[in-house]
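Here is a briefing on one model, written for quick reading. Keep the viewer open while going through the points.

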Amino acid sequence: MDYRSPGSVQEAVTLLTAHNGAAHVLAGGTDLLVKLRGGFVAPEVVVDVKAIPQLRQIESDARGFRIGAAMSCAEIGEHAALAAAWPGVVEALNLIGSTQIQGRATPGGNLCNASPAADSVPAMIAAGAVCEVAGPDGVRDVPVENIVTGPGRTSLARGEFVVSFRLPRPRPRSGDAYLRLIPRTEMDIAVVGVGVALCLDEAGLCTHARVGLGAVAPTPLLVQEAADALIGTRVDAAALNALAAAASAACKPIDDKRGTVAYRNKVAGVLARRAAQIALERARGGHG
Amino acid sequence: MVLSGTLKELAGGAAQIEIEAGNVRQLLRALGERYPALAPHLDDGYAIAIDGQIFQDAWFAPIGPDSEVHLVPAIRGG
Amino acid sequence: MNDVPMQALTERKLKIVGTRPLRPDGVDKVTGRAKFGADIHLPNMLIGKVLRSPHAHARIRSIDTSKARALHGVKAVITAADFTDLPSEFIPAGEMMVNYRDMTRNILAREKALYEGHAVAAVAATTEAIAAQALKLIEVDYEVLPHVMDVAQAMEPDAPLLHENMYTIGVEPTPAKPSNIAKRVEFSLGDIAAGFAQADVIVEREFTTKPVHQGYIEPHACLASVSEDGQAELWCTTQGQFVVRSFCAKLLGMELSKLRVTASEIGGGFGGKTVVYLEPLALALSRQACQPVKMVMSRTEVFQASGPTSGAKVWVKIGATRAGRITAADALLKYQAGAFQGSPVQPGCMCAFAPYDLDNVRVIGYDVVVNRPKVAAYRAPGAPISEFAVESVIDELAQRLKLDPIELRLKNAAKEGTRAAYGPKFGPIGLVQTLEAARAHAHYRAPLKANQGRGVASGFWFNIGGETCATLNLGEDGTVTLVAGTPDIGGSRASLAMMAAEELGIPLENVRPVIGDTGTLGYTFLTGGSRVTFSSGMAVVEAARSVVRQLRERAAKIWEIPLESVIWEDGCARALTGEGGKPKELPLAEIAKSAGKTGGPIVGNAAISAQGAGPSLATHLVDVEVDRETGKITILRYTAIQDAGRAVHPSYVEGQMQGGAVQGIGWALNEEYIYDQNGRLENPGFLDYRIPVCSDVPMIDTVIVEAPNPRHPYGVRGVGETPIVPPMAAIANAVEHAIGIRFTELPMSPPRVLKAIDDKQAVQA
Amino acid sequence: MAKHHVTTTVNADPVEFLCTPEQTLLDVLRDVLYLTGSKEGCGSGDCGACSVILDGRLVCSCLVLGVEAQGRSVETIEGMASGDELHPLQQKFLEHAALQCGVCTPGFLVAAKALLDRNPDPTETEVRYWLAGNLCRCTGYDKIVRAVLDAANVMRRS
């Protein structure tokens, strides 16, 4: 195995393309190094993308935020403006692993590791984040929900990698939240994860909502039915129950070492309701 | 002396036995002679309780004339 | 010393024992200087690695190591064929009875691989990468066999058989057919049937617990160096360097004197480092290569192949009168031993009802082999499992009798003179004191909110003594080197040095405690069974008293007066018969300085078989909150109360109580082995084998009660093991009081708890 | 695969080493530089025993490649005391008996230092969550948390 640390997107694309898929992107390494050690992957070369400037900065302008895919979750958590605008996304990023993991783990890695249980992905989906993907044919935009195609599989073509995540400026009276269930208080993989983003009009009616679910299907899900349960309502008890039912209904989970089908179905609804209540508080608190 | 559980069965159901012995070693020897079925088990991780006081690997621990003696499994620990 | 109890000094004014000085090895451990198992490097050192079975149960038709041997950089390859087979006989090794036929098969599979991760071969190479490559080149021809993981299934007559030659011991007549049931044990007192006939209320339940791992943070590691003439050095992380020497010498056919074992600092053991895994392999590889060989387990290997404690099924039935007097208690224990016989079912049986004064009691236990790693000791081996069941039933009995659970326990508590179910009568024990302290504690009266509950449970462990040596070397400057043979896992250097300084009347900082290797002391049994402060403490006190006698003798010679007229106090020899009635005085340092001229070096030795360990009993209080929508349990408050006999260094006694309680919390809430259909472990790591993390637990309040052990010069009882006994029942009882559901299966993980809540609602609807 | 030549800073001293691309920073610290204070408890970032501070960030050195240390600054337990003076955290761990076996202690101390460098006045809850990535099986965490809070207190006053 060789190690390369390109200084530009183009250089990285060239390296990744050259090795016919035997090249592996190294961002935070919190998943890759475990796989390397376990012998689950044996790349010819690992391409460390942390020396590429675009991947290591957060830009914000009138349109919104651009988060470098190789920023560490700890760094992102320290960006006050982003945390104020998208608290749910930032909370989700800051739930990934321990303090030590936070110092290394990145949003790009959390997404492209393609685990159904990745904490940041349901929150990013709810927030409507869009990935900037660079590859041999240039740069293209891909909604976060279209990246993961199955456990460990992504829609990225050979030579492609995620450069950044774009989040819009939050609309007035909007809020987002992410909740997950883990058996302990820290250090676990989500058994269920739910991200909710919603927006109210002056009258307090929900005009816009997006709901992302994690760990309840082969890929993180964008659940339109769950969003529809909120849109046009005052996000009252009835709407929240409808949301919970829709979230539970959208689950296609499996029994595994972390939870049962029945458990995931039920808790997805419970967490959707709780996350929506937090998002609602934040929307009423008034963002943007 | 008193035998219980498994050892009691091996001793043909005898629970309370009178044995002349001045110390643990003499007691084990006498016990083995009286109940040959017991003999192979006596060195098999047993401790001796003399008047409630447990002795492990102490052949020469003295036994008083009216002492109550129990054969109990040896204890290890974590 | 063996049999004559030393005069208890508990009334004497103590200057050092009972205080909280800094531990002598502390600075090494906060600066990274301390050398643990994997921290030693030698020139020309090879790296050893183990090939492990991917199957839970498979016959090994053949092993071809030729390709691995041919690989450049590979210096040694071993299989079971490199170890002579040993007969099935139980041989004493210290307090342990060891079956070397099983041990030699556990370190390297012979006829069969009996669990996933069972070692099959090992290699030593110049680099770890080459060793790993060599493992891939070893060809093992397996005939995969049906496997059995569950204790009840393993007891079925048609269950897959692990050992074709195993006939149940303890049933008369011995069965004609082999089975997975290695042993049946029974303890009984009085008349069970008559006892239940007198009962007004009877509670009967069956409980299931999962195997749990000791979870020491330091993986097994060792470094062996065997020279061309067969002299061997072994450095390893172990609870007992002398036990390792006995095991390895027997397994490798070496003379004890040829093998010198040095215990490194040990990164946790809890019983799991009382056996050998890598050590004999490293020695065999080093013997073949004539180079040093270092071996370190990965965390995956630790979970797959080192011993957890038993999973079990436990049935308990207890009857009591309306007044709350227990009339009869009955229990049936089925413990998993793992791949070879030797579960802790026997102590499990003996401890089950030990906290109670019972006239009619029976406990039957079965030791059953299954296709899992061979169990190893884990903190109070066997007791937490049976006492979880008993303490849960006691709590339910209290509910049915409308009695306070502490009140019910007090009505039946064992005390001095109580006959234990396993036969003997207890000496002085402190259960009643812990129960009264619990009832008096503010925690017991603190208010609770909705979905919150409080639980109580008590626990018992025997504690042991055993073969122990210690040496005190008095230096010419008056400072003392204390050599003990028991590895220091939790601060025992401090408690031993404190007892030595107390006896000699010198400052603690003048005593330097070190852990001796097998060449420096006589046989000393391992650190386990909560025996170190008791046994090594007893040996240190005896050695110190020998030093004091020698010091008095030297002073008597110098003053030319009889020994009898010289006393020892405050670190000085004193004679009352001085000029003009003025007492003569010689401080220790003065006598030490002239020792060469007054008869030679002053050394105190003790080699004892420590007898008279006193049981330690505990009562724990816990408050929990249950999230009814997710099934998640939160520990809100915890108080551990225990009889320490006497706390030599109270901080480290509290530490044992707190650590044991939190291990118990993990056992109760989330720790379990998860195997797939093929008997392969799905969670061999700290990510999914969930031991408690810092944010999972509150502060663990402690109350030390002291009912001195008359058999120890300072009244010491072991304290290390008892604290893991009460937590599982205390938490299950608290959960029952919070949501009205009694959990009889561990762990009480969120999916299990939520299912129970939903099932209950379904029934009510 | 040829070894990489890495120039870095360890505990404020310039250090050069050779390592293969596969070797982790922990492997390099322990087996190349013989700084064995950082321990390997799991090799997967789940126990924190290998905690080091990399350019001011707390990380698990088992999840960092040795080659990634090029041009960076690494702080390990060996650099925590200054001369013969223990860091207040080290002193408080001793005073509170916040260690039993001691194998997790270097990781806890490095992690706690990283916390107090950022937050000189943490609450008990903040301490517990910050240290959740450091496993201790001996102490039940009680005395560790007390030691960290006490050290923070002392450091604020001095």
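This is a predicted model: local features need pLDDT of at least 70, side-chain atom pairs count only at pLDDT 80 or more; totals for chains, interfaces and linings use all residues.

Residues are numbered from 1 along each chain as its sequence is written, while chains are lettered from A and ligands numbered from 1 in the order in which they are written.

**Chain contacts**

- Two residues are in contact if their C-beta atoms, placed from the backbone, lie within 7 Å.
- Of the four pairs of chains in contact, chains C and D share the most contacts.
- Chain C puts 42 residues into its contact with chain D, and chain D puts in 44 residues.
- On the side of chain C that touches chain D, α1 (26-30) and α18 (650-669) of chain C each supply at least two residues.
- The largest share of that side, eight residues, comes from α18(C).
- By class, the side of chain C that touches chain D has 20 nonpolar, 17 polar and five charged residues.
- For these classes, Ala, Val, Leu, Ile, Met, Phe, Trp, Tyr, Cys and Pro count as nonpolar, Asp, Glu, Lys and Arg as charged, and the others, Gly among them, as polar.
- The contact between chains A and C takes 15 residues from chain A and 16 residues from chain C.
- Helix α11 (residues 261-285) of chain A gives the most to the side of chain A that touches chain C, with four residues.
- That side of chain A has seven nonpolar, three polar and five charged residues.
- Chain A and chain B do not touch, and their nearest C-alpha atoms are 27 Å apart.
- Chain B and chain D do not touch either, with nearest C-alpha atoms 13 Å apart.

**Sheet in chain A**

- Helices (H or I, at least four residues) and strands (E, at least two) are DSSP runs, numbered from the N terminus.
- Two strands pair if DSSP finds at least two bridges between them.
- An open sheet of five strands in chain A has the order β4-β5-β10-β6-β7, with antiparallel pairing.
- Its edge strands are β4 (58-60) and β7 (138-143) of chain A, each pairing on one side only.
- The twist averages 20° from one strand to the next.
- Five bridges link strand β5 (residues 64-68) of chain A to strand β10 (residues 161-168) of chain A in the antiparallel sense.
- R66(A) has R166(A) in β10(A) as its bridge partner.

**Strands in chain B**

- Strand β1 (residues 46-50) of chain B is largely enclosed by the rest of the structure, because four of its five residues are buried.
- A residue is buried if 20 or more other C-beta atoms lie within 10 Å of its own, exposed if 12 or fewer, and partly exposed in between; C-beta atoms are placed from the backbone.
- β1(B) runs antiparallel to strand β3 (residues 69-73) of chain B, and five bridges join them.
- β1(B) also pairs with strand β2 (residues 53-55) of chain B in the antiparallel sense, over three bridges.
- I50(B) stands opposite V69(B) in β3(B) and opposite Q53(B) in β2(B).
- β1(B) and β2(B) form a hairpin with two residues between them, and D51(B) in the turn has a positive phi of about 50°.

- Strand β2 (residues 58-64) of chain C runs antiparallel to strand β6 (residues 112-113) of chain C, joined by two bridges.
- β2(C) pairs with strand β8 (residues 139-144) of chain C over six bridges, again antiparallel.
- A58(C) stands opposite A113(C) in β6(C) and has V144(C) in β8(C) as a bridge partner.
- R61(C) is found in strand β2 of chain C.
- R61(C) is exposed, with 9 other C-beta atoms within 10 Å.
- Not counting residues up to four places away in sequence, R61(C) touches D141(C) and E143(C).

**Helices**

- Helix α8 (residues 120-127) of chain A is mostly covered, with eight of its eight residues buried.
- G128(A) follows α8(A) and has a positive phi, near 75°.

How values were computed: Axes are lines fitted to C-alpha atoms, for helices over the stretch in contact, and angles run from 0 to 180 degrees between N-to-C directions.
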